[in-house]
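Hi everyone, thanks for making time this morning. I'd like to walk you through one structure, going from the overall picture to a few individual residues.

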Amino acid sequence: MKTIRCAIYTRKSSDEGLEQSFNSLDAQREACAAYILSQASEGWTALPEIYDDGGLSGGTLERPALQRLLAEVAAGRVDIIVVYKVDRLTRSLFDFAKLVETFDAAGTSFVSVTQSFNTTTSMGRLTLNMLLSFAQFEREVTAERIRDKIAASKARGMWMGGIPPLGYAPNERSLVIVEEHAALIRDLFARYLRHGSVSLLDAELQRDGITIPIRATSTGKPLGGGAFARGHLYLLLKNVIYTGRISHKGVIHPGQHDAIIDPATFDAVQAQLAGNVQGHRTRARAASPSPLAGRIVDAAGDPLIATHANKGKVRHRYYVSHGLHHGRVDTGLRLPAREIETLVTEQLAQLFADPLALASRAMMALIADDIAPLHRACTAATASLGERRLPLVPQLVAQVQVSPADVTVVVDAMALARLLQTQRLPEAADTLTLHCPARLTRSGTALRLVQDNGASAADTPDRALLRLLVQARGWWAVLRTGTINTTELARREGVTPSYLTRVVRLAFLAPAVTEAILAGRQRVGVTAASLTLGDAIPADWQAQKALLLPVQTRR
């Protein structure tokens, strides 16, 4: 009879009573051992290793004993995991689905001693799907109740939480006017009606030194303090809450708070805003090729503006600091658009690479039948990003913050769920935050993004370097015939013999280095100048790859 290796896993959330000679973990292990003994006729035998997690919550998989057990499962040394109750293994539906997929991939099952839950049988797997379905149903009903409660509360004019708009402070289920800030709001509306343009309003605010007042959230997080951005001004001027009303899904309800702006002034501003977005401005915005426009900021939270420069027939796009773009300051960021967009696209692709980890992180409400469609949706999203369908980027990205040492990408979790056609738990956060280590280095007037492995954020071939490689191969082809020496060839080409020698040595680069240069994937700093004016390039190909290639391509 085949021996079935059984591992016993026990867990207790608190450490209370663990110092006793016979504690809860011992009781769980004893019950599991007795169950395994009852199945001895089927070949079940308990492994001697102990997997106890005392004083650890079941809301996370980061438990030492569980991680050791999962390593044994992955190594194929465990056939069945035996637990006292299912919640000893995990209390998270997402983690539960992820564990089940891991067990299935390794050919491992698990058994709950005190529950009719045994995935070694078809009935046990049916029970698993039923439990997951009921859990999903419960969460959807809860979410519907919360949505209905929010809709009903807003219909009564109640404030349902969040960061209050500038000019107000929260007061239980309503808002109270902060007169100092409300005066600024009235002034902004009056200035806009006087100028009739957000651009002119923005310029006047910058000239007068008017900035966003510093506030703090209920948790103490600071807000404001920087200059007004055009996007912020548009949202502020369109916010119906300043008229004493509350909007919910396009429906306007009378609010319980006092108005800062009278309806006539608000309507006049809306008419002016609507008139300004007609014609060529709408077409220009629709044709904008910069997917991060309005979403990218610097380390201080100040927005970067999408702009471009034409060199002949080639258009070079950039994201530039607000003050630098308008000539008010001499310092700031000027990022090549392709580099930062490529970096953001890669971060999104990595997010879709592990669908179950993504589901857990975004707190998606999944049942077993949802896992396969989720995998397909993630694969389709990855393919779209690989084909550089950049409309997917503004659809998902709420904000990109560029700091000297890293880039932070904030993903809209609700847009992500819509894209993947999944539901989210009521307590799920609205955003996901991705961090990418990438430092800023200066290249001429622009800054470049360099990842920790030495690679550039964008695979853009260096044309000067490509011409140099072609020249090196051409000169070597002439020299190898033996009909001319380096001095004569240098005289014919109008260069010095030492320069010709430095160029010709590039004909002997390692194939991997040559391929990387042709694809624009060489290490940052490897240029025509560095290869011809720097130190001698080593003859050994491995040494060349270590010197000239990013970490991940040195093979």
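Let me start with a single residue. Methionine 363 counts as partly exposed, because its relative accessibility is 25%. This residue sits in the loop between helix H13 (355–361) and strand E17 (364–365). Its phi is positive, about 55°, although methionine 363 is not a glycine. For context, most residues other than glycine have a negative phi. Please keep in mind that this is a predicted model.

There is another residue of this kind to look at. Glutamate 172 also has a positive phi of about 55°, again without being a glycine. You'll find glutamate 172 in the loop between strand E7 (168–171) and strand E8 (174–177). Is glutamate 172 buried or exposed? With a relative accessible area of 75%, glutamate 172 is exposed.

Now let's zoom out. The protein has 555 residues, and 41% of them count as buried. There are 22 helices and 22 strands. The accessible surface comes to about 28,900 Å², with 54% of that belonging to carbon and sulfur atoms. If you take the contacts between residues at least 6 apart in sequence, 63% of them join residues at least 24 apart.

Next, a pair of strands. Strand E4 (residues 80–83) pairs with E5 in the parallel sense, over 4 bridges. One of the pairings is valine 82, whose bridge partner in E5 is valine 111. Which way do the side chains of strand E5 (residues 109–112) point? Ser109 and Val111 go one way, Phe110 and Ser112 go the other way, and all of them are buried.

Met123, Leu126 and Met130 form a nonpolar patch, and together they have about 300 Å² of accessible area. Methionine 123 belongs to helix H5 (residues 122–155). This methionine counts as exposed because its relative accessible area is 56%, and the cut-off for exposed is over 50%.

On to the charged residues. Side chains of opposite charge can pair when their charged atoms come close. How many salt bridges does the structure hold? The count is 13, and I've picked a few to show you.

Aspartate 26 forms a salt bridge with arginine 29, and the closest N and O atoms are 3.1 Å apart. Both residues lie in helix H1 (residues 24–38), 3 residues apart, which is about one turn of the helix. Arginine 29 counts as partly exposed, at 21% relative accessibility.

Another salt bridge joins the side chains of arginine 77 and glutamate 72, at 2.8 Å from N to O. Arginine 77 is partly exposed at 43% relative accessibility, and glutamate 72 is partly exposed at 21%.

Then there is arginine 317 with glutamate 341, where the closest N and O atoms of the salt bridge are 2.7 Å apart. This pair links distant parts of the chain: arginine 317 is in strand E15 (residues 314–321) and glutamate 341 is in helix H12 (residues 337–353), 24 residues apart. Both arginine 317 and glutamate 341 are buried.

There is also a network of salt bridges, linking Asp187, Arg191, Arg194, Glu204, Arg207 and Asp208.

What about disulfides? The structure holds 0 of them. As for individual cysteines, cysteine 6 is buried at 0% relative accessibility, and cysteine 436 is buried as well, at 4%.

Let me finish with two residues and their surroundings. Lysine 98 lies in helix H4 (residues 93–106) and is partly exposed, with a relative accessible area of 27%. Which residues does lysine 98 contact, leaving aside its neighbours within four places in sequence? They are Asp354, Leu356 and Ala357. The C-alpha atoms of lysine 98 and isoleucine 371 are separated by 9.6 Å, although the two residues are 273 apart along the chain.

And finally, glycine 209, in the loop between helix H7 (198–208) and strand E9 (215–216). Glycine 209 is exposed, with a relative accessible area of 53%. From glycine 209 to alanine 227 is 18 residues in sequence and 8.2 Å in space, C-alpha to C-alpha.

Technical notes
Residues numbered from 1 in each chain as written. Predicted model: local features only at pLDDT ≥ 70, side-chain atom pairs only at ≥ 80, totals over all residues. Heavy atoms only, no water. Buried < 20%, exposed > 50% of the residue type's maximum accessible area, 1.4 Å probe, protein only. Helix = DSSP H or I, 4+ residues; strand = E, 2+ residues; numbered from the N terminus. Pairing = 2+ DSSP bridges. Patch = residues over 30% accessible without salt bridge, like charges linked within 9 Å, V, L, I, M, F, W, Y side chains within 5 Å. Areas by Shrake-Rupley, 256 points an atom, 1.4 Å probe, with all protein chains shown as cover. Salt bridge = Lys/Arg side-chain N within 4 Å of Asp/Glu carboxyl O. Contact = heavy atoms within 4.5 Å. Disulfide = S-S within 2.5 Å.
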